[in-house]
Amino acid sequence: MTGYQASLLAALAMPTAIYAQAPSQGELAPLMDAVERVTPQWAGRVEFRIADTPAALDSHDGRLRVTAPNRRECLRAYGYYLRNMAGVHLSRNGDNASAARFVLPQEPVVLPPAPQRNFAFNYCTLSYSGAHWDRARWERELDLLALCGYRYVLVTSGLESVWQDFLTGLGCTPQEIESFIASPVYAAWWHMGNLEGEGGPVHPDIIRREAELGRFLVQRARELGMEPVLQGYTGFLPHFVSAKRAGGRVLPQGKWVKRYDRPAVLDPVSTAFPQLAERWYQLLEEHYGYRATAFCGDLFHEGGNIADCNLRFAATMIQRRMQAASPGSTWFLQAWGHNPMPMLLAGLDPKLTTILLLDKDLSPDHDPYYRDHPRLARPQVLRFPHIWCELANFGGKQVMYGGFKLLENPVPFEGIGMLSEGLETNPLYDALLTERINRASGVINRDEFIRNYARSRYGVDDARLVQALSLLADSVYNPTGMREGGLENILCARPSLHAQRVSTWASSTPYYDPAQVEQAARLMLAAGREHHLDTLPTFRYDLADLARQVLADRARPLLRQLETDFAAEDTAAFARHSGEFLELIRQSADVLATSEYFLLGAFEKGAADRAGDNPQARAQMVQALRRLITTWAPENSPLNDYAHREFSETMRHYYLPRWQVYLDRKLAELKNGAAPAAATTSATVTNNGEAVSTTSEMDDAVDAIQQSFPTATFPVLTSPQGNALQTAQQALGE
């Protein structure tokens with residue numbers, strides 16, 4: 001026995017006098033409430049103790065006893081127990097307790113140390129993933145975060161009412177304020193200074209309920225031992241506010257993605273800044289009922305106009321006002337694109353600053369500290385406290401993707417951030433991220449991890465399931481080179497025979513062998529049939545996701561064949577292959593309908609419920625959400641399909657009609673003996689420092705489908721339809 005273990009055993013055996021101050025039952029009540037919400041069958045069988053010892057598990061009077069130095073570590077320890085000892089599987093894509101058993105440790109179990117500065121969400125996460133989360137879904141999310149070991153949680157719900165009061169005090173009219181506030185669906189880019197008012201004017205019921213949700217999130221996060229991160233004041237003002245009204249120099253910020261008016265920035269060096277910042281922080285405390293200890297907020301995100309602003313002094317002034325409002329608070333800055341700039345960092349106190357290193361490069365040989373790639377190298381960042389943040393998902397797309405070898409990298413981190421924009425995808429990768437967060441050493445045995453994951457997620461021991469997951473870890477979860485997320489499903493692309501990608505900035509280069517994915521799907525299907533796993537939501541999700549991926553992989557070569565057929569003016573072959581291509585979309589809709597996590601109706605219901613009972617408010621949330629996941633902006637732009645979703649209903653009622661009208665037109669051109677070059681539109685747009693040229697075919701019929709979709713009426717699903725095993729079997733051709 002090591003000295004460390006001996007001291008722990010001694011501490012566990014000591015009476016409650018070991019507490020510096022014994023916690024009251026009221027202080028421990030939120031932990032017991034969390035146990036009852038997550039594992040109601042074990043309520044009353046778990047007890048918590050707070051003591052100045054490492055997190056550990058043992059038994060006491062027939063109950064599981066969890067001992068840790070604070071509430072956050074207590075819940076992390078209980079999450080460790082559920083995952084590693086009790087066989088309980090929790091995920092954003094289904095839970096499984098079919099193999100769960102309440103076991104008591106025979107001797108104390110000391111948890112592996114974990115990084116202490118783990119961070120949840122970026123702004124985009126809260127719109128792409130969180131816009132359809134009602135209060136119940138948010139309650140569930142906070143429980144998951146606590147059980148996984150997160151410390152910081154970004155909270156932006158409720159800023160609408162903060163801005164209302166702030167701008168009213170600045171003399172803005174109600175109409176001006178309405179034009180500035182964005183829908184919760186688009187709030188991410190509003191808070192980052194990219195746009196104003198999109199999806200509005202926002203219904204008053206939505207604003208009221210967002211304020212209620214924000215207060216709840218702050219309160220519940222704190223009860224669970226986590227620290228809410230609120231929006232700091234960096235000088236944002238509506239673009240129409242003049243210098244005279246602001247009382248200081250206003251820096252116009254121009255356009256974002258060539259379309260949206262960006263909020264202006266009040267120069268933080270101006271004499272008016274301290275008063276406005278003071279008012280902002282007063283309102284935050286009033287609206288949330290909490291004086292925050294951590295703030296987010298970036299200047300000149302993805303562009304903007306620095307002009308002759310003295311960034312060093314500006315940063316000093318922003319941080320000085322944060323400290324005046326909340327002494328000792330931390331400013332979290334996103335390292336993304338050219339930010340944070342060296343001159344801005346020069347004005348900051350490293351002891352009061354933490355950098356979020358957003359890492360979109362999930363290749364296995366990439367250094368997570370950005371040292372290897374010249375364009376991303378930012379050595380000035382590394383003298384600051386920093387958190388490595390995975391960014392595996394862009395736009396919330398349902399693409400199988402994630403960097404297994406990167407998370408297996410034993411590089412020690414001060415903290416790890418979960419900043420992917422789409423969270424309800426890739427549960428295997430998400431589980432590995434949780435495993436990494438709970439191991440400061442970073443040493444993970446992949447084979448052991450996959451075996452345990454398969455057993456808990458599906459409730460059975462079957463080598464075929466382990467082999468299937470291992471194949472995925474070696475293929476879709478093993479990207480190489482710089483990528484903006486996974487290989488997108490070409491069935492979701494705006495129709496063109498030359499389509500290579502769905503969204504503007506995505507990579508179109510395959511990086512894995514589709515045969516491995518198909519083999520994994522067949523292994524999972526065989527195991528599912530033998531063990532009748534289609535009763536489990538976890539298995540239904542995974543099987544639908546795998547079948548969807550197989551169909552997507554089949555679509556790419558088939559589209560290239562259509563391109564060849566058209567060039568050769570082979571009408572018969574083009575007609576045959578067009579039918580096969582469209583059938584892939586129908587099959588995708590069928591397999592996706594078998595899982596509750598691929599249903600547009602369920603997605604929209606969450607957004608509507610978040611808006612309350614008012615029909616207008618509910619419709620506004622749903623229409624904004626439909627716009628976001630299709631054209632993003634109200635008209636065709638480089639943002640088109642950036643946040644596309646592979647729901648059963650979008651496959652059947654959006655992507656299928658788009659391809660149908662397009663392929664019918666191309667077939668008619670061949671039958672008429674003419675194959676004219678399609679009219680195209682081109683644009684060059686810069687994002688994250690990358691200039692990308694886009695070209696798309698003009699098609700009025702496709703445009704009509706896109707523009708009508710947000711208000712279109714068609715059947716939507718809120719519960720699974722069809723037999724998961726039979727539908728997947730038909731799609732795979734077995």
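Reply: A cavity is a set of grid points where a 1.4 Å probe fits but cannot get out, and its lining residues have an atom within 4 Å of a point. The model examined here is predicted.

Me: How many cavities of 30 Å³ or more are there, and how much space lies in the largest cavity?
Reply: The count of cavities of 30 Å³ or more comes to 11. For the largest cavity, the space is about 220 Å³.

Me: Which residues lie nearest the centre of the largest cavity?
Reply: The lining of the largest cavity consists of 22 residues. By class, 14 of these are nonpolar, five polar and three charged. Those nearest the centre are C124, W189, E302, E421 and Y642.

Me: Which helix gives the largest share of the lining of the largest cavity?
Reply: The largest share amounts to three residues. The element that supplies them spans residues 123–128 and is helix α4.

Me: Is E47 buried or exposed?
Reply: E47 belongs to strand β1, residues 46–50. Its relative accessible area is 14%. Because buried means under 20%, E47 is classed as buried.

Me: Which side chain does a polar contact of 3.1 Å join to that of E47?
Reply: Beyond its neighbours within four places in sequence, E47 is in contact with H60, R63, L64, R65 and V66. The polar contact of 3.1 Å links the side chain of E47 to that of H60.

Me: How many disulfides are counted?
Reply: A disulfide requires two cysteine sulfur atoms within 2.5 Å. By this rule, the number of disulfides is zero.

Methods:
Residues numbered from 1 in each chain as written. Predicted model: local features only at pLDDT ≥ 70, side-chain atom pairs only at ≥ 80, totals over all residues. Heavy atoms only, no water. 1 Å grid on protein atoms, 1.4 Å probe; cavity = no way out; pocket = protein on both sides within 12 Å on 5 of 7 lines; lining within 4 Å. Points joined across faces, edges and corners; volume = space filled by probe spheres on them. Helix = DSSP H or I, 4+ residues; strand = E, 2+ residues; numbered from the N terminus. Nonpolar A, V, L, I, M, F, W, Y, C, P; charged D, E, K, R; others polar. Buried < 20%, exposed > 50% of the residue type's maximum accessible area, 1.4 Å probe, protein only. Polar contact = N/O pair within 3.5 Å; in protein donor to acceptor, adjacent residues only side chain to side chain. Contact = heavy atoms within 4.5 Å.
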